[in-house]
Amino acid sequence: MKSLNTLLLASACTLGFATSASYAADPAVDYAGERLETMEQTLILAGLIEVYGDYSFIDGASGHAEHTFSGSSDSDDYFELGGAVRLSVPFADRISGQFDFDAEYRPLNDDDADGDHYSGSNTVGLHLSYRDPMSYLFGLFGGAGQVDYVDEDGSRFWFGGVEAQYYFDQVTLYAQAGLLDGSEEANDDGLRNAWFARGVGRYFLSDYSMAQAEIAYVDGERDFDDDDMYGVSWGLRLEHQFMPIPVSLFAAYEGNYFSSEDANSSFDDGSFTEHAFLVGAKYSFGATGLKVNDRYGATLDTPGFGRWVAAGNELD
């Protein structure tokens, strides 16, 4: 529950700060809450609070991963709760910073799962970017987080990279690349010494409806003898905002495939695939509509670093 409590505190603080400043800072909204006809070419103070629940299951665990995922049954399933807080703050007409906090929690215990099983994570991220809302964005991002397991010490991790977006008409293209590392002394099996790349495409059916697809790849090491490990993640998301109420609902699918290979012995080899189906709600402030927020507000996020790091331990 630690991750959820932290998420609730971060949400309350962010909402209180943003509510006091959003009307004054947002050129996309007038004092009656209506969208202005002409957008100014300046960034806005904007953000969001998101919560979701999901059903996940493991498909085809093989090799050493079978020790984590129900032995010979090669499958496991569970429910998960999670959420995110994002706040974008403009420093100048084209320069802004964004704060992210993401948390997940799986209500598992020793009776439900092996001790290596991922039980939750929390991640803090910061972005600094230069953006022309009509054309492009480029910037830097970094952060750190903590992974929890059912019955083992957690793993700490940190990350950094570069990111860019390109805007045209109803489409946003988003790319990220960087490095991910973890603490060997806390848990030798978590993913570390890794590089990653991610691509996201967003299509806005209207100012208030969006379809998103993404794919990511991560490659690094795990275990005390530096076994090779890689992962592929993919996802789809549909979202609609119900204006004038600044609340949207979304449904999403996320998939992950992780594999590890020991150069010295096949005993440590293993792989598994995970599927997750999510439904959730998002409260947005400071921007009118999903597309305005994408081009002027809290448009940035980060990959599922906590899940990636934990997969190294689950492959043990």
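Leaving aside its neighbours within four places in sequence, which residues is Gln98 in contact with? The views below come from a predicted model, and the first one holds the answer.

View 1. Let's start with where Gln98 sits: it is part of strand β3, which covers residues 95–105. With a relative accessible area of 4%, Gln98 is buried, because anything under 20% counts as buried. Beyond its neighbours within four places in sequence, Gln98 is in contact with Arg86, Leu87 and Ser88, with Gly125, Leu126 and His127, and with Gly297, Ala298, Thr299, Leu300 and Asp301. Look for Leu300 in particular: the Gln98 side chain reaches its backbone oxygen at 2.6 Å.

**View 2. The largest nonpolar core.** Here you're looking at a group of 25 residues, where Leu180, Phe305 and Trp308 have the most contacts inside the core. Strands β5 (136–149), β6 (155–168), β8 (192–206) and β9 (209–222) each give two or more residues, and so does helix α3 (305–314). The largest share, five residues, comes from α3.

**View 3. A closer look at Phe305.** Not counting residues up to four places away in sequence, Phe305 touches Phe141, Phe157, Phe159, Leu180 and Phe196.

**View 4. The second largest cavity.** Sort the lining residues by class and you get three nonpolar, five polar and no charged ones.

Terms used: Residues numbered from 1 in each chain as written. Predicted model: local features only at pLDDT ≥ 70, side-chain atom pairs only at ≥ 80, totals over all residues. Heavy atoms only, no water. Core = buried A, V, L, I, M, F, W, Y, C linked by side-chain atoms within 4.5 Å. Buried < 20%, exposed > 50% of the residue type's maximum accessible area, 1.4 Å probe, protein only. Helix = DSSP H or I, 4+ residues; strand = E, 2+ residues; numbered from the N terminus. Contact = heavy atoms within 4.5 Å. Polar contact = N/O pair within 3.5 Å; in protein donor to acceptor, adjacent residues only side chain to side chain. Nonpolar A, V, L, I, M, F, W, Y, C, P; charged D, E, K, R; others polar.
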